[in-house]
Amino acid sequence: RGDSDEPVIPFAQPGSMTRVYAVASGKGGVGKSSVTVNLAAAMADKGLSVGVVDADIYGHSVPRMLGTDEKPTKVDDMIMPPQSHGVKLISIGMFTPGNTPVVWRGPMLHRALQQFLADVFWGDLDILLLDLPPGTGDIAISVAQLIPNAELLVVTTPQQAASEVAERAGAISLQTRQRLAGVIENMSWMDMPDGSRMDLFGSGGGQIVADSLAKSVGGNVPLLGQIPIDTRLREGGDAGMPLVLSEPESSAGAALRAVAEKL
Ligand code: ADP
């Protein structure tokens, strides 16, 4: 700890070598956690040192998706994060008994996140991914305050209605002055047995969000990838085995790996 009462967050220090990505979405259910976990697993598989903070306090699902129910241990004053598929992770779910719903308010969430960043022994990370709760809530502001150098990744579906809310989630970077690393479109289409693509949720949303955010920040906001729908992605999430590891050659697995390459 530093001289002041504020805990020291290593990732926010000048000269920190860790790239921090906050993964945001406008609404729930668009695959934000699935994307986060698969990106993390793909990067760890490449040999990078990767950590994930499950900051989706109300919908924490990262431990299950990474296939661990291990609890963190304490060494001296530090919390040692469990590791799975080469990814270090910490989740609010590890500190609540059973399936207890979390009913915390903003200030407590801020402190929880602060602890995850300052009191967890992450070691030297190349990459830290933060799975944010959906929307433009308190946690996104907290992240910006605690790690101003965190870059924002926006996950959306191709649906126009979804893209409008995703834009709002991304536009928060205007206020917080965070860099927008890009947009990831998930559930983009389904590959049909005859080789055609079925646009279950419409099309174009990812590009719309990227273009509109680029316009508002006055810079380049790339559409980093389009991830098709694949039932194996969901099954892998439920079974704790990320698709990028079990089916790296599948179109969804390859698309996720390609995004990981760009970060
Ligand atoms: P969020 O974090 O945005 O709430 P999740 O990652 O929990 O979303 O995903 C919601 C559900 O959709 C999960 O059951 C997940 O397995 C499934 N899912 C996400 N992306 C895909 C995809 N590309 N193909 C198939 N199922 C997906």
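Student: Let's start with the backbone. Which glycine just after helix 1 takes a positive phi?

Tutor: That's Gly47, with a phi of about 105 degrees. Keep in mind as we go that this is a predicted model.

Student: How should I read a positive phi?

Tutor: The general idea is that most residues other than glycine have a negative phi. With that in mind, look at His85, which has a positive phi of about 50 degrees although it is not a glycine. Arg177 also has a positive phi without being a glycine, at about 60 degrees.

Student: Where do His85 and Arg177 sit?

Tutor: His85 lies in the loop between strand 5 (83-84) and strand 6 (87-91). For Arg177, go to the loop between helix 5 (160-176) and strand 9.

Student: Is His85 buried or exposed? And Arg177, buried or exposed?

Tutor: You count neighbours: 20 or more other C-beta atoms within 10 Å makes a residue buried, and 12 or fewer makes it exposed. His85 has 21, so it is buried. Arg177 has 9, so it is exposed.

Student: Back to helix 1. How far apart are its end C-alpha atoms?

Tutor: They're 20 Å apart. At 1.5 Å a residue, the 14 residues of helix 1 should span 20 Å, so the two agree.

Student: How many residues of helix 1 are buried?

Tutor: Helix 1 is mostly covered, with 13 of its 14 residues buried.

Student: And which residues of helix 3 are buried?

Tutor: Here's the general idea: an α-helix has 3.6 residues a turn, so residues three or four places apart point the same way. In helix 3 the buried ones are Leu109, Ala112, Leu113, Phe116, Leu117 and Ala118. They pack against strand 2 (50-54), strand 6 and helix 4 (138-146).

Student: What about the largest nonpolar core? Which residues touch the most other members?

Tutor: Out of 71 residues in that core, they are Ala22, Val23, Ala40, Leu130, Val143, Leu153 and Leu256. Helix 1 supplies the largest share of the core, 8 residues. Zoom in on Leu130: beyond its neighbours within four places in sequence, its contacts include Val20, Ala22, Val53 and Val143.

Student: Now the ligand. How many residues surround it, and which are the closest?

Tutor: There are 19 around it, and the closest are Gly31, Lys32, Ser33, Ser34 and Arg234. Helix 1 (32-45), strand 9 (180-191), strand 11 (223-229) and helix 7 (231-239) each give two or more residues to this shell. Sorted by class, the shell has 6 nonpolar, 10 polar and 3 charged residues.

Student: What does the UniProt record mark as "binding site"?

Tutor: The unreviewed entry covers Gly26, Lys27, Gly28, Gly29, Val30, Gly31, Lys32 and Ser33. Let's look at two of them. Lys27 is in the loop between strand 1 (19-25) and helix 1, while Ser33 is in helix 1 itself.

Student: Why does Lys27 count as partly exposed?

Tutor: Because it has 16 C-beta neighbours inside 10 Å. Ser33 has 26 other C-beta atoms within 10 Å, so Ser33 is buried.

Note on methods: Residues numbered from 1 in each chain as written. Predicted model: local features only at pLDDT ≥ 70, side-chain atom pairs only at ≥ 80, totals over all residues. Near = placed C-beta within 6 Å. Helix = DSSP H or I, 4+ residues; strand = E, 2+ residues; numbered from the N terminus. Nonpolar A, V, L, I, M, F, W, Y, C, P; charged D, E, K, R; others polar. UniProt positions renumbered as here; feature names shortened; annotations may be inferred. Core = buried A, V, L, I, M, F, W, Y, C linked by C-beta atoms within 7 Å. Contact = placed C-beta atoms within 7 Å. Expected span 1.5 Å × (residues − 1).
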